Amino acid sequence: MKKSYEEMSHVYGRIWILCALGMIFAYPIVTCIYYGAWPGWKPVLPGLLGVAPIYWTVGLIEVLTFVPMLGTSSSYLAFVTGNLTSLKVPAALNAMENAKVKPGSEEGEVISTIAVATSSIVTTVIIALGVALLVPLTPILDSPVVKPAFDNILPALFGGLAVVYVSKNWKISIAPLTFMILLFLLVPSLSGSVGVLVPVGALIAIGAARFMYNKGML
Amino acid sequence: MNFNPNSNLLFLLAGAVIVFVIAQSVFFLVRSYRHGKEIGIEAAKMRKTMISTAIFTIAPALSILLGVITLSKFLGLPLPWLRLSVIGAITYELPAATSTASALGISLSETVTNPEVYTAIAWVMTLGIFPGLIWVPLFIKKIQGGLMKIKGKDSKWGDILMTALFLGMISAFLGMVFADIRSGLTGWIPIFVLLFSALLMGICGILIKKCNMKWLETYALPISMMGAMIFAAVITPLIGG
């Protein structure tokens, strides 16, 4: 029997993600072999201990949080191409909102995949062009005039995105938004670990929404 | 053998991985476009999604390029180019490089010329974030199965749950903007930028609804984002940031 589109998405997704894994490991392996420079565990382990416990956890949290939003094919693609929170997830959400399709629906799956794929291609091409034109580009991108624009890319992105979502669902937004603003006012140093706080915000939002739903307020 | 972090071999290796990722993206793009046609989504709608996403992507992509430039001063071009085009983000790669460099007791201020230091950093970056690629195939079916169950039981609650998930994410980033306000007026800059972006999006919303400018929908997010970034570049020197 012919497998469904959804089932085939898993099959193709797995093949591509496993190949990607191989390709990503090929870089350090080939470099080590070619230059005859295996670093050994001694420098790698302490470096890894500094980042792996956080990254591995955040990676798992990202999968739990973003897979429901993105859908099947775009999850397999987005986790390979990276830059999820600041690019791929907002791109997919905005595309589904504009196309008036629901995440998790068949149409949502298509639109979200088109958005993530387009965004990945454009990003990769821009970075490749940037690398090729690095010498003339560096003074422009590095100039103090342009720096504040890129320093503020996240508020510039999430301000616009928030208007769309918060205005439509302001009741659900009150609890997580109040909690996060208070938290960051009290503990500003947390801004480095915003990735860990995404699921905290999600749990608070879900808890508050469930409470209001049970009370018939939504 | 003389080691150069900008050698042709390293460019070739990074280039091969990047071509692979573009191939993967094109594969899924074509596949979902075809399936979209089969299930009756208008081609115009899908093309609009592509145009709008492509425009929206430009500013974040330039910001990623800035990350490549930052890391390239230390690691040469190929490794940062690869890491930031595929799976990585500057928020992961910079700490990974810093962590390894400090474990080895070297400074991040000059280009690496020791191949063992270079490969150690490449390994930490690779081992640091590869599990994301394993978690997806391992858990995706379970997560989606759980969601389907919730939606099957009570579809209205299923929709509210998804909305709450987005709002949780947006709240974390909105809250982060308030982190620096105790440092005086310069700490308020991100909040002004956020409000300006929200204002631009609000204006776009009014124009779309009241003036029937439907075409603007495609560009509303890129307009508010880039508008707010320009606003940041204008107000920061005025405030003295």
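A helix here is a DSSP run of H or I at least four residues long, numbered from the N terminus. With that rule, Lys100(A) falls in the loop between α4 (84–98) and α5 of chain A. The model is predicted.

**Chain A**

Chain A holds 10 helices and 0 strands. Read from the N terminus, its elements go α-α-α-α-α-α-α-α-α-α. The C-alpha trace of chain A covers about 65 × 60 × 40 Å along its principal axes. Of the 218 residues in chain A, 54% are buried.

Confidence comes next. Chain A has a mean pLDDT of 91, and 100% of its residues reach 70 or more. Within chain A, helix α5 (residues 106–132) has the highest confidence, at a mean of 96. Helix α6 (residues 134–141) of chain A has the lowest, at a mean of 85.

**Where the chains meet**

In the contact between the chains, 127 residues of chain B meet 128 residues of chain A. Helix α2 (residues 43–75) of chain B gives the most to chain B's side, with 20 residues. By class, that side of chain B has 92 nonpolar, 28 polar and 7 charged residues.

One residue shows the contact in detail. Leaving out residues up to four places away in sequence, Ala164(B) touches Ile172(A), Ala202(A), Ala205(A), Ile206(A) and Ala209(A).

**The core**

Ala164(B) also belongs to the largest nonpolar core, which has 152 residues. It is listed there among the residues with the most contacts inside the core, together with Ala92(A), Ala205(A), Val17(B), Val124(B) and Ile170(B). Helix α2(B) supplies the largest share of this core, 14 residues. Domain 1 (8–129) and domain 2 (142–239) of chain B each contribute at least three residues to this core.

**Inside chain B**

The domain assignment of chain B gives domain 1 (8–129) and domain 2 (142–239). Their C-alpha centres lie 25 Å apart. How many residues of domain 1 of chain B are in contact with domain 2 of chain B? There are 6, and they meet 7 residues of domain 2. The domain 1 side has 4 nonpolar, 1 polar and 1 charged residues.

Helix α1 (residues 8–38) of chain B has 31 residues. From its first C-alpha to its last, helix α1 of chain B reaches 45 Å, close to the 45 Å expected at 1.5 Å a residue. Just after α1(B) comes Gly40(B), with a positive phi of about 90 degrees.

Most residues other than glycine have a negative phi. Lys100(A) has a positive phi although it is not a glycine. Asn212(B), also a residue other than glycine, has a positive phi too. Asn212(B) sits in the loop between α8 (189–210) and α9 (220–239) of chain B.

| Residue | Phi | Other C-beta atoms within 10 Å |
|---|---|---|
| Lys100(A) | positive, about 55 degrees | 10 atoms |
| Asn212(B) | positive, near 60 degrees | 9 atoms |

Are these residues buried or exposed? Asn212(B) has 9, so Asn212(B) is exposed.

Key: Residues are numbered from 1 along each chain as its sequence is written. Chains are lettered from A and ligands numbered from 1 in the order in which they are written. This is a predicted model: local features need pLDDT of at least 70, side-chain atom pairs count only at pLDDT 80 or more; totals for chains, interfaces and linings use all residues. Helices (H or I, at least four residues) and strands (E, at least two) are DSSP runs, numbered from the N terminus. A residue is buried if 20 or more other C-beta atoms lie within 10 Å of its own, exposed if 12 or fewer, and partly exposed in between; C-beta atoms are placed from the backbone. Two residues are in contact if their C-beta atoms, placed from the backbone, lie within 7 Å. Ala, Val, Leu, Ile, Met, Phe, Trp, Tyr, Cys and Pro count as nonpolar, Asp, Glu, Lys and Arg as charged, and the others, Gly among them, as polar. pLDDT is the predictor's confidence in each residue, from 0 to 100. Domain bounds come from an automatic or database domain assignment. The expected span of a helix is 1.5 Å times one less than its number of residues. A nonpolar core is a set of buried Ala, Val, Leu, Ile, Met, Phe, Trp, Tyr and Cys residues joined through C-beta atoms within 7 Å.
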